[in-house]
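Student: I have a structure open and would like to learn how to read it. Where do we start?
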Amino acid sequence: MDGALPAFFIVAAPGGIGFEFKLGLKSGATALVLAVLAAALLRLVSMGSSLWEIRQRWQRRAVEMEWTLPNSERIRPISIVVVVQGGREQVVEAVDRLLALDYPRFEVIVVSDGSPDGTLTCLREAFSLHPTSRIIQKSIPVQTEPTLYASTKHPRLTVVAKPETGREDSLNCGLNVSRYPLICALDTQVTLDADALIELARGFIENVTQTVAVSCLAEFYGDASTPSGSDIRLSADGIAPMYAPMQRSVSAAADQRPLDDLQRVDRATLFHVQWLLRAGVGNLAMLPGVVSLLKKAEIVAAGGYRTGYAADTLDLLLTAYRVRKSEETRRVLFLPEVIARIAPLDSLDETMQARATATQESFGIIVRHLGLTFSGQGDWRARLALPVFIVTVLFAPVWEWMAVILVDVAALAGGFTFDELVALLTLFLSIGLADSLGGLLCDEVSNRRRRSTGEILHLSLAAITHAVTFRWMMGLAQLRGMLAYISGRSIRETM
């Protein structure tokens, strides 16, 4: 008892309570700063691992004989499934580019989900479609019976017409119509390079039994030249198509916007800090525009598509693993090369809404498959993947915003001196710069097109801007997605 009296009198004495309050604020802020620092170090380790993986892959590519890939005996045919819900001007061109891809055996299945703007009419006239019938294997239940159209010009093309039932049901309908063992589900806004299917199929050629998915991240337009052959364009009346030879070359300097550069840096950073998730679990959880080639059997085992675009492949792979409960190694390969393009979002509001929506979907998937966090589905990376991802990526904005706010409050209360406050704020800025510049470095190494010195300097300035401003705004968007998931309301309802 006697030993406790001095401490009591110190607290009760004038200024004692204030001292304890300051000490508590400083201790809490310091703990949060340490948590932020630990998460940042884990992200740097993940980016370093991603960089090492990219380097190893390039070394293997240097000794491979590229011309043998299309002629390999183990190459497998691919079904490309595209869901369209309008936008006839883009759909006809997108289908034409898909049909021109360089791959021995593939088919393109276009599912018209209602499409009230005459998209089906444009497709019928552009590709000389006619009604057809064939046996459809109903591997996955769908809501409506589709009508099939074949093309007299392109035997690889099948168009499916159905009432509007949503993207997921339309993908499942296309899956039932598909005839090949590998499925590539695409959005009409994604443009594949001519050799994209060959690159995606590489993983199945290297290991046909264990590989269940091969994925790549779509880069934004304006970061590479993308040539194409003859495209179909709509005539002046918007209905009858016409063919015109054109060379699609997207310059890095054309129509460049600061927001595009910030999105590019943010996308690269988020991709490479998720190395454990990519290597262990199987797909990105927070980035729409990921192009994936999956075994059809995996999608069927998972019961088909059922989530939003940003996270559907991750959900499929985790669901299939849980259903199969297989002990065999399941290999998911991510390509460091950029082989697909996607348009950046037009405004900051759209960008933040997309991040919030992806975060909300990610939480839903993680909660649904929480058991895999502890049991794993493979090697040590699989057992660490989800916990590390949750701490270092999903909850990173929580730690950082709470740490900044608590540090400022503690400084105002006298818990930190001015020099300590400046040092801590400099630490936060350094963490952001390490994330942004590290992601940009990994992206430069993985890109098949080498940027010029001027482009690298331009993006480096964008990385600095990203670390100071854009990164924190995306953190707020993630917080919004978390709150939307907890409240059970969609992002649009919270607007």
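**Reading burial, salt bridges and sheets**

Tutor: At 23% relative accessibility, Glu168 counts as partly exposed. Keep in mind that this is a predicted model.

Student: Why does Glu168 count as partly exposed?

Tutor: Under 20% means buried, and over 50% means exposed. Glu168 has 23%, so it falls in between.

Student: Is Arg167 buried or exposed?

Tutor: Arg167 counts as buried, because its relative accessibility is 18%. Arg167 and Glu168 also form a salt bridge, with the closest N and O atoms 3.8 Å apart.

Student: How many salt bridges are there by this rule?

Tutor: The count comes to 16 salt bridges. One of them joins Glu400 to Arg43, with 3.4 Å between the closest N and O atoms.

Student: Which parts of the chain does the pair of Glu400 and Arg43 tie together?

Tutor: Look up the element of each partner. Glu400 lies in helix α14 (residues 396-412) and Arg43 in helix α2 (residues 16-63), so the bridge ties together parts that are 357 residues apart in sequence. Both Glu400 and Arg43 are buried.

Student: Which residue meets Arg264 in a salt bridge?

Tutor: The side chain of Arg264 meets that of Glu219, at 3.7 Å from N to O. This pair links distant parts of the chain. Arg264 sits in helix α7 (residues 258-272), and Glu219 in strand β9 (residues 219-220), 45 residues apart. Arg264 and Glu219 are buried.

Student: Now the strands. How do strands of a sheet pair?

Tutor: Strands pair through backbone hydrogen bonds, either parallel or antiparallel.

Student: In which sense does β8 pair with β13, parallel or antiparallel?

Tutor: β8 and β13 (residues 331-334) pair in the parallel sense, over 4 bridges. Find Ser215, and you will see Phe334 of β13 opposite. With β12 (residues 290-295), β8 pairs in the antiparallel sense, over 5 bridges. There, Leu217 has Val290 of β12 as its bridge partner.

Student: How many residues of β8 are buried?

Tutor: In β8 (residues 211-217), 7 of the 7 residues are buried.

Student: How many bridges join β2 to β5?

Tutor: 6 bridges join β2 (residues 106-113) to β5 (residues 157-162), and these strands run parallel. Val108 has Leu157 of β5 as its bridge partner.

Student: Last topic, the surface. Which residues form a nonpolar patch?

Tutor: Leu34, Leu37, Leu41 and Leu44 form one, with about 340 Å² of accessible area together. Leu44 is found in helix α2. With a relative accessible area of 37%, Leu44 is partly exposed.

Terms used: Residues numbered from 1 in each chain as written. Predicted model: local features only at pLDDT ≥ 70, side-chain atom pairs only at ≥ 80, totals over all residues. Heavy atoms only, no water. Buried < 20%, exposed > 50% of the residue type's maximum accessible area, 1.4 Å probe, protein only. Helix = DSSP H or I, 4+ residues; strand = E, 2+ residues; numbered from the N terminus. Pairing = 2+ DSSP bridges. Salt bridge = Lys/Arg side-chain N within 4 Å of Asp/Glu carboxyl O. Patch = residues over 30% accessible without salt bridge, like charges linked within 9 Å, V, L, I, M, F, W, Y side chains within 5 Å. Areas by Shrake-Rupley, 256 points an atom, 1.4 Å probe, with all protein chains shown as cover.
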